[in-house]
There are 2 protein chains.
Amino acid sequence: MAEASGVHEVRRNRLRDRCAASGSNGALISRPANVRYLAGSTPAGAVLLIGPTEDILLCPRTPLGAASDGRPDEQLRLTVLPTSGGDPAVAAAELARAAHIDCLAVEEHHLTVARHRAIGSVAPRLDLADLGFAVEQQRIVKDEEEIASLRIAAEITDQALGELLESILVGRTERHLALELERRLIDHGADGPAFPTSVATGPNSGRRGHRPTDRRVEEGDFLSVCVGADYRGYRCEIGRTFVIGTSPADWQIELYDLVFAAQRGAREALVPGAACRDVDRAARQILAAAGHGEGLAPLTGHGVGLEIDEDPQLTPVAMGKLDACVPVTVEPGVHLPGRGGVRIDDTLVVRQEADGGPELLTITTKELLAL
Amino acid sequence: MAEASGVHEVRRNRLRDRCAASGSNGALISRPANVRYLAGSTPAGAVLLIGPTEDILLCPRTPLGAASDGRPDEQLRLTVLPTSGGDPAVAAAELARAAHIDCLAVEEHHLTVARHRAIGSVAPRLDLADLGFAVEQQRIVKDEEEIASLRIAAEITDQALGELLESILVGRTERHLALELERRLIDHGADGPAFPTSVATGPNSGRRGHRPTDRRVEEGDFLSVCVGADYRGYRCEIGRTFVIGTSPADWQIELYDLVFAAQRGAREALVPGAACRDVDRAARQILAAAGHGEGLAPLTGHGVGLEIDEDPQLTPVAMGKLDACVPVTVEPGVHLPGRGGVRIDDTLVVRQEADGGPELLTITTKELLAL
């Protein structure tokens, strides 16, 4: 645990340096995933004040008094301060001067106008700057401990999905299958689902983000599933498409092979230094060449970590390049209105070729299974 | 359905009048529950532009093209406009001048600083004002259709809880009981849980908002459950405490009777015109007189509707009064560290005495059941 705490302190020091370089000697972190990244697991509503020398985690006071009382937390190496009510971000601004902060960078993409104004009015002599997405950028490349958590999240997800496939599916509703998958995630040690589980049957299959309905699985259906575990805050994602019954129809085999080829194309493009848009193009051009260019999802994949949808975005307009140790999804799909479709989705970690190339975290087979 | 659509139009007209009275001839609604209240069920990320004569629902374009294409929606009686990418709130600001809006009220408590700035930069000649909590205030008093949805949500919740009580509980974990309750909610027609289900056993019992752990139910435990269904967007809440085994201990009976008396006190105080703080006091003073004044939750109850935690707040510092047709929870509890505790939580609708007084929506018995 001491090592893990050190990790958070190192992250805060990096951010402190970055703030100093851009003229702020303090930062107020309010976006929950960013607070968690910099301070470890944190209570709902907590904000983190990064000062020139000291960091303070301000927590809403609960009736249970769970937070320690203004004392330094040895494990987190910061001071944990319960606030007496009201907005902890405002309480943080009140503390800023005492903490020798005169220019405070805030997360303008997360703070509401009303909170920003409240901060300005309790601390009128404090300069407020925009931190932008500095913490989100810091979060893109993961350390091996973070990747280990993602690996466990993926193992849990593979187990839950594998068990579902062994059960009878015909006649059950999308909603029930989704709930059962989420129960199995918990059974295998997940803290919860990483996002709302999607189960889509028949004409719904292949739709990205489909919300489960009361439609029942029928013989001959495509069944597409997208599910992921949250393990210690780290979230992964897997998507598979199956066919129900003894033998898939010709159009189903064709469509499956096409999406599989597109997904493989994008997976193979995952190398350090590759442009994000080139990874997207690797999948998109295969689908477009087969006449499915219209109606594709705007992205082929995205980063995962403390949030299920992080940078980088694998889209036709993405500007960045991939680095090693960046986990991403690769999830192309085709949906034919009225008929259904196919999505295949993996979580992988970008790795140097010398290290064996992209590391596949979600290892459930991608053969077209007939269930 | 025509009647239901009329409801949304009437709500928008009320808001339009209110904006006009405060000098804005347009409003941009971004908070999801407020968009839903004014425009009916809406896609994620949609914003609503209220103009002097016309209303436009701006939706992020999905690859599925689910939204109709810039055409007036007969059922919603507004124009549904998919946006071409980017923030629909910014697209709304670009439309404002064409819609004859020169002063636009925005939800400063919901819009981030970054979005507010982006709106200002695409429409520099548009005055931006603060709408404040105007829509939230409009949502406090419910119509009979909204109350009918809450009543169904409560029926579903009572059914799910009733079934759980008939099953064997000893040896099962808090997490599994919570998941089973959520599955049963869906079985009975809920769109989902209204909030994360809380199941607390033994020393955890009676803690408000306890997150289920792997602790197993044991003989002699208090078991407290807080659960609610979401039905068509409307969310209710019930909390009950049971004892596991044949006969409760004396301290358990005493504590239960005390919390029961406090909860009844607050329920009986629910009359139109009552001060919210007086309802809180009705419960709080009974618990304080018995020596439990320290460590109580900061509130005795809260409004429910399209969000699980709405106004009014039943707290010692609340300023408002109750109106008829306002649904609230009444949920006092006592938790004894290390031993456990009791919470009893109902959803009720404030009604005139001539109409029979407060309408109890969650009808599961409040006798102390030994399971």
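I start with the lining of the largest cavity, which by class has three nonpolar, five polar and three charged residues. For these classes, Ala, Val, Leu, Ile, Met, Phe, Trp, Tyr, Cys and Pro count as nonpolar, Asp, Glu, Lys and Arg as charged, and the others, Gly among them, as polar.

Some ground rules. This is a predicted model, where local features need pLDDT of at least 70 and side-chain atom pairs count only at pLDDT 80 or more, while totals for chains, interfaces and linings use all residues. Residues are numbered from 1 along each chain as its sequence is written, chains are lettered from A and ligands numbered from 1 in the order in which they are written, and side-chain values use heavy atoms, with hydrogens and water left out.

Back to the cavity. The term is defined on a 1 Å grid over the protein atoms alone: a cavity is a set of points where a 1.4 Å probe fits but cannot get out, and lining residues have an atom within 4 Å of a point. Grid points are joined across faces, edges and corners, and a volume is the space filled by probe spheres set on the points.

How many cavities of 30 Å³ or more does a search of the whole structure find? The search finds two. The largest has a volume of about 60 Å³. Among the residues that line it are A:Ser198, A:Cys226, A:Arg240 and A:Arg343. Strands S9 (198–201), S10 (222–227) and S13 (238–243) of chain A each give two or more residues to this lining, and S10(A) gives the most, with three residues. Helices (H or I, at least four residues) and strands (E, at least two) are DSSP runs, numbered from the N terminus.

The second largest cavity holds about 50 Å³ of space. Its lining includes B:Ser198, B:Cys226 and B:Arg343. Strand S9 (198–201) and strand S10 (222–227) of chain B each supply at least two residues there, with S10(B) giving the most, three residues. By class, this lining has three nonpolar, four polar and two charged residues.

Next, the interface. The contact (heavy atoms within 4.5 Å) takes 25 residues from chain B and 25 residues from chain A. The area buried between the two chains is about 2100 Å², of which carbon and sulfur atoms give 62%. Buried area is the accessible area (1.4 Å probe) that two parts lose on being put together, summed over both.

Side chains of opposite charge can pair when their charged atoms come close. The rule for a salt bridge is a side-chain nitrogen of Lys or Arg within 4 Å of a carboxyl oxygen of Asp or Glu. Between chain B and chain A the count is two salt bridges. A:Arg117 and B:Glu108 meet in a salt bridge through their side chains, at 2.3 Å from N to O.

On the side of chain B that touches chain A, helix H4 (113–122) and helix H7 (174–187) of chain B are the elements that give two or more residues. Which element gives the most to that side? H7(B) does, with six residues. By class, that side has eleven nonpolar, seven polar and seven charged residues.

Over all chains, the count comes to 60 salt bridges. One of the pairs is B:Asp55 with B:Arg16, whose closest N and O atoms are 2.8 Å apart. B:Asp55 lies in strand S3 (residues 55–60) of chain B and B:Arg16 in helix H1 (residues 2–21) of chain B, so the pair ties together parts that are 39 residues apart in sequence.

Last, the backbone. Most residues other than glycine have a negative phi, and most peptide bonds are trans. The bond from A:Asp311 to A:Pro312 is cis, with omega near 0 degrees, and A:Pro312 is found in strand S15 (residues 310–314) of chain A. In chain B, a cis peptide bond joins B:Asp311 and B:Pro312, with omega about 0 degrees. B:Pro312 lies in strand S15 (residues 310–314) of chain B.

A:Arg232 is a residue other than glycine with a positive phi, near 50 degrees. A:Arg232 lies in the loop between strand S11 (229–231) and strand S12 (234–235) of chain A.

Conventions: On a 1 Å grid over the protein atoms alone, a cavity is a set of points where a 1.4 Å probe fits but cannot get out, and a pocket is an open set with protein on both sides within 12 Å along at least five of seven lines; lining residues have an atom within 4 Å of a point.
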